[in-house]
Amino acid sequence: KTRFLAGIAILALAGITICQIPFPAIILIAASMGILGRRYCEPRAEALMNNRGNTPQPDAPYAIKQTALIDDNTPTPAHAIFCWRGAIRVLAGGLLAIGLVVAIIVQRWGWHNSFIDMAWFFTKTALLCFGGAYAVLPYVYQAAVGHFHWLSASQMMDGLALGETTPGPLIMIVAFVGFLGGWNKAVTGIDHPLLSALIGTCVACFFTFLPSFLFILLGAPLVESTRNNMRLAAPLRAISAAVVGVIFSLAFFFARQVFVENSRSVNWTAISITLFASVVLLRYKLGTIPLLVGCALLGWLAHAHY
């Protein structure tokens, strides 16, 4: 919405794609830039809209005909007002749940196993999940394939494709990674790979999403206090701008993995399907479900042909 925010997005794209700056560092740098350039984060158009109020014009095609149940003038409910007692209770409950699961894993399989690695890694993933799944997928790919070796690069790309078949790609992908990681590492023994895979799935999902619920329950009472407070909103807007660049870098990441096979041969079939999808999506506004079904059919036909 401003040139300053657009510049942050471009720098984030260059930083993570060319300079290989870690995603956590991108977030911290963007937040710092937002704090330092606070007055450049507020777009004039948005400020004008805020001054006018949010009452729709009578001739607007989307005008609301009835009063909203909860609007900007509705008093904050008592349960949504921040208090230290409630925050401590929520935090204690979350830490107790985490400690209980970790204790069960350690008691049964010890400290050094893939389940503990998954618990720690997916907790970090949850803490860094600014901008949703697309911002952290390269981070998950790098760790799951390159560092922990839970699955291969081709298996990870299959998981990324699987994540696009339903809403909520992050939970699909972390469940996929946890399942294959548990299966391949066989923590419960080589005779019980399925049990290990199912436990890996549960561990990955639990430690990815429990921090999210803690953020919601702890942070929701503070959300309203950040409205129109640029000291708090500016770093968040700068982070959002950086996430735009990070998500754009994901396109290059996907292209590098899909278009080039074995670092040598170019997959012209994948490039053709991508061009087809881009045209029907951008030019003809085809819906997501028909697009996915059509691309899957084209991929199946191409594979059958070969």
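Which residues does Ser196 touch, not counting residues up to four places away in sequence? They are Phe115, Gly182, Trp183, Ala186, Val187 and Thr188, where contact means heavy atoms within 4.5 Å. The model is predicted, so local features need pLDDT of at least 70 and side-chain atom pairs count only at pLDDT 80 or more, while totals for chains, interfaces and linings use all residues. Residues are numbered from 1 along each chain as its sequence is written, and side-chain values use heavy atoms, with hydrogens and water left out.

The chain has 12 helices and two strands; these are DSSP runs numbered from the N terminus, helices being H or I with at least four residues and strands E with at least two. Of its 306 residues, 33% count as buried, that is, under 20% relative accessible area with a 1.4 Å probe, protein chains only.

Ser196 lies in helix H9 and is buried, with a relative accessible area of 0%. The axes of H8 (residues 169-185) and H9 (residues 193-223) come within 7 Å and cross at roughly 145 degrees. Axes are lines fitted to C-alpha atoms, for helices over the stretch in contact, and angles run from 0 to 180 degrees between N-to-C directions. Ser196 is one of the H9 residues in this contact, and the H8 residues include Gly182 and Trp183. The residues of the contact divide into 13 nonpolar, six polar and no charged. Here Ala, Val, Leu, Ile, Met, Phe, Trp, Tyr, Cys and Pro count as nonpolar, Asp, Glu, Lys and Arg as charged, and the others, Gly among them, as polar.

Definitions and conventions: Buried means under 20% relative accessible area, exposed over 50%, partly exposed in between (1.4 Å probe, protein chains only).
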